[in-house]
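Subject: Structure for your review

Hello,

Here is the structure I said I would pass on. My notes on it follow below.

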Amino acid sequence: MVPLQSQRKRLSWPSLTGRCVVSCTMVLLTQFALSLVPRFLPTSPLLIQLSLSVVLMLVVVGLGGLFRRLLGIHASAPALVFFNILFIWCFYVLIIRKGLSLVMDVVFNGEVVLLLTGLCSMLKSDPGLVEPSFSDKLVESSASEIITAHNEDSDFGRRVRYCKICKGYIKGFDHHCPAFGNCIGQKNYLLFMVLLVGFLVTEACYLACSSEYAVKSGTSSMLSSETSLSENLAVSTRIFSILQLVWQVAFFTWHLYGICFNIRTDEWVNWKKYPEFQLIVQYQPGQSSTEIRFTNPHDKGILQNVKEFMSLEKR
Ligand SMILES: [Zn+2]
């Protein structure tokens, strides 16, 4: 088994440092740009603030793209995730945690440490890369041959797909996750789901902590410029957490659905490429008019599907 990392293009140290610097700058730019929303529109409804924050985030991403084209330096998605967590954590330690209960403080700090550990594990994890000799056979084979060749295996053993980014064949391939810098496949799907839950819980906890801070600071009579900036950041990081929560809940629900009905994201998107998901319906016997419909041969009922998912990593 060849580690997945060895198949990817290895980055040199100067290039890695450059990407980290760009990512860190982009995170700082985004977070301070977001703080302008409560700075100039402090009394506007939450929905307006959320919409404006989305627009601002898109502007910063657009600027990042321009920067990339002009200077040829890329940001790194996992580094963006890492620096965003770090920014929120630093802001929490410096501002939000003051006046919070010890239990809440311990819980939040513990969650962030677990999240960062999970993120590092995810980056290094094996998604279920298949042996090079097996891959070579797959390159030469047609899709139907792949299925017959591994008929004796389990359903997941047969579901080997190619990732263009990693340039490798992954068992139970779901998708390539840029944010986690790795493929999501049979062997790290459970870790991926745990990590998603970790993100949801940590964001929700940050929301609770910063809301408590807002209640307390709202009664404060201090209105120096420093307090004002921290208060703006307290609001904008809360808005950022809400936005993160919204898309993470949607993302988590999507994957939960996939587990319950035993279908991977790649199979949903590209089912027309995989014959096993195609059901040919003939309207009238003897007539040539047919229709190709989606069918999922792997769906064995929610209970069995979840049971199978839980035992995936051991296979
Ligand atoms: Zn990949």
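A helix here is a DSSP run of H or I that is at least four residues long, with numbering from the N terminus. By that definition L63 sits in helix α3, residues 46–71. Please keep in mind that this is a predicted model.

Helix α3

α3 consists of 26 residues. From first C-alpha to last it reaches 37 Å, close to the 38 Å expected at 1.5 Å a residue. Buried positions in α3 are Q49, L50, S53, V60, G64 and G65. After the helix comes G72, which has a positive phi near 75°.

Surface patch

L63 also belongs to a nonpolar surface patch of about 750 Å².

Zinc site

Which protein atoms are the donors of the zinc ion? They are SG of C163, SG of C166, ND1 of H176 and SG of C183, at 2.1 to 2.3 Å from the ion. The site is tetrahedral, and the angles among its 4 donor atoms run from 98 to 122°. Along the sequence the donor residues follow the spacing C-x2-C-x9-H-x6-C. C163 lies in strand β1 (residues 160–163) and H176 in strand β3 (residues 175–177), so this pair ties together parts that are 13 residues apart in sequence. C163 and H176 are both buried, that is, under 20% relative accessible area.

Regards

Terms used:
Residues numbered from 1 in each chain as written. Predicted model: local features only at pLDDT ≥ 70, side-chain atom pairs only at ≥ 80, totals over all residues. Heavy atoms only, no water. Patch = residues over 30% accessible without salt bridge, like charges linked within 9 Å, V, L, I, M, F, W, Y side chains within 5 Å. Areas by Shrake-Rupley, 256 points an atom, 1.4 Å probe, with all protein chains shown as cover. Salt bridge = Lys/Arg side-chain N within 4 Å of Asp/Glu carboxyl O. Helix = DSSP H or I, 4+ residues; strand = E, 2+ residues; numbered from the N terminus. Donors = N, O, S within 2.8 Å, 3.2 Å for Na, K, Ca; no water. Tetrahedral: all angles 85-135°; square planar, octahedral: opposite > 155°, others 65-115°. Buried < 20%, exposed > 50% of the residue type's maximum accessible area, 1.4 Å probe, protein only. Expected span 1.5 Å × (residues − 1).
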